[in-house]
Amino acid sequence: MIFFSVVSPHFFTANNLISIFTAATVTGILALGTTFVIITGGIDLSIGTGMILSGVMCGVFLTYWGWPLWLGVAATIVFGGLIGLINGTNIAFLGIPPFIATLGMMLIAAGLSLVISGTKPIYFPNHPDFQSIMNLSIIPGVRFPLGVVIFIVMIVIAAFVLSKTIVGRYTFSIGSNEAATALSGVNVRRWKILIYTMAGLFVGLAGVLSASRLSSAQPTGGMGLELEAIAAVVIGGTSLQGGKGSIVGTVIGALIMAVLTNGLRIISVPQEWQSVAVGVVILVAVYLDMLRRRRA
C-alpha cells in the first residue's frame, strides 16, 4: 500500500480503498470457508464453479420459479451447502482423495451451470432490488456497499467458529493428526462432512453476492477463483499440510491479493504482467512464512 500510494496519487483515497474491499468480498468469502477445509488437510477445487452454479440456481429460484427474494437467497446458500455436503460425503465415506473429489465437482458444476442456464445469463427483472444485496450503500452520501458489511460479518462469524467452538477445535485436531483424533473417539467422517458443508454455505453466499454485483447470473467463468481463494488462505499462513491457520491471516491474504491487483491496474500495468506479479508475490509470501515458522 505504501508503494502504490507513492507511485499514484489515486491509490490511497477513500473511494479506491472501498473498491479494494469490494473486490476482495467474493474471493474473501470463498477463502473463509476454504480456510476450514485446508486446516483439516483437505482442499476444495470446486468453490469457483460451485459459486457460479449457485448464482445460476439463484437465477432459477428468483426468475424462473418466481420465489420471493429472501427465500431465493436462502435457498441459494443452502444449495451451496449441498455442494459441500456431496464433497464431504465423497471424501469421508467413499474415501476419494479431496483433490480428485473436488476436481470432479468442479467440472460437474461448470457443466451444470451451462446446462441449467442454457449457456445464457439469467437476469432478475422481477427483483430489481436484488443488486442492492451487494451494491446498496448503507451510509448516506458515502459509497460503502452492503456487500462489504456482509463480508465483515462473515469474518467475525468464521473467526468465532474457528477459535471458540467445538467445530474449530476438531478442525485443527483433524488437520494435526487425523488418526489420533479418530482414536480419541471423535467421529472424523461426520466432522469432515460438516466442515465441507459449512464451506459450501460460504460458496452459496458468494454466489449470491457475485450475481448481485453483476445484476445477473453468468453461467461461464468461475475456474480460477478457487486458485485465488486458496492463494489468499496460503498467503495468510494456513498450512497446506493442515493443522495450522487463522481467519485473520486469510483476510489479510485476500486483501493483499486485492491491493496488488488494484494497484497494478491503477499504475497501468498490462494484464499479463499483473498475473506474473501476483504469482511472484504468492511464492515470496509463502516462502517468507515458511522461514518464519522454521525460526519459531
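The model is predicted, with local features needing pLDDT of at least 70 and side-chain atom pairs counting only at pLDDT 80 or more, while totals for chains, interfaces and linings use all residues. Residues are numbered from 1 along each chain as its sequence is written, and side-chain values use heavy atoms, with hydrogens and water left out.

Me: What makes Glu178 and Lys192 a salt bridge?
Reply: A salt bridge requires a side-chain nitrogen of Lys or Arg within 4 Å of a carboxyl oxygen of Asp or Glu, and because the closest N and O atoms of Glu178 and Lys192 are 3.1 Å apart, the pair meets that rule. The pair links distant parts of the chain, with Glu178 in helix 9 (residues 178-183) and Lys192 in helix 10, 14 residues apart. By this rule the count comes to one salt bridge.

Me: Why is Lys192 called buried?
Reply: Buried means under 20% relative accessible area, exposed means over 50%, and partly exposed lies in between (1.4 Å probe, protein chains only); Lys192 has 15% relative accessibility and therefore counts as buried.

Me: Why can Val276 belong to a nonpolar patch?
Reply: Patches are made of residues with over 30% relative accessible area and no salt bridge, like charges being joined within 9 Å and nonpolar side chains (Val, Leu, Ile, Met, Phe, Trp, Tyr) within 5 Å. Val276, in helix 13, has a relative accessible area of 41% and is therefore partly exposed, a value that passes the patch cut-off because that cut-off is 30%. The patch is formed by Trp273, Val276, Val280, Val284, Tyr287, Leu288 and Met290, with about 680 Å² of accessible area together.

Me: How do you know which residues line the second largest pocket?
Reply: On a 1 Å grid over the protein atoms alone, a pocket is an open set of points where a 1.4 Å probe fits, with protein on both sides within 12 Å along at least five of seven lines, and lining residues have an atom within 4 Å of a point. By that definition Val234, Thr238, Ser239, Leu240, Gln241, Val286, Asp289, Met290 and Arg293 line the second largest pocket, whose volume is about 150 Å³. The largest share of this lining, four residues, comes from helix 13.

Terms used:
Grid points are joined across faces, edges and corners, and a volume is the space filled by probe spheres set on the points. Helices (H or I, at least four residues) and strands (E, at least two) are DSSP runs, numbered from the N terminus. Accessible areas come from the Shrake-Rupley method with a 1.4 Å probe; for residues, only the protein chains shown count as cover.
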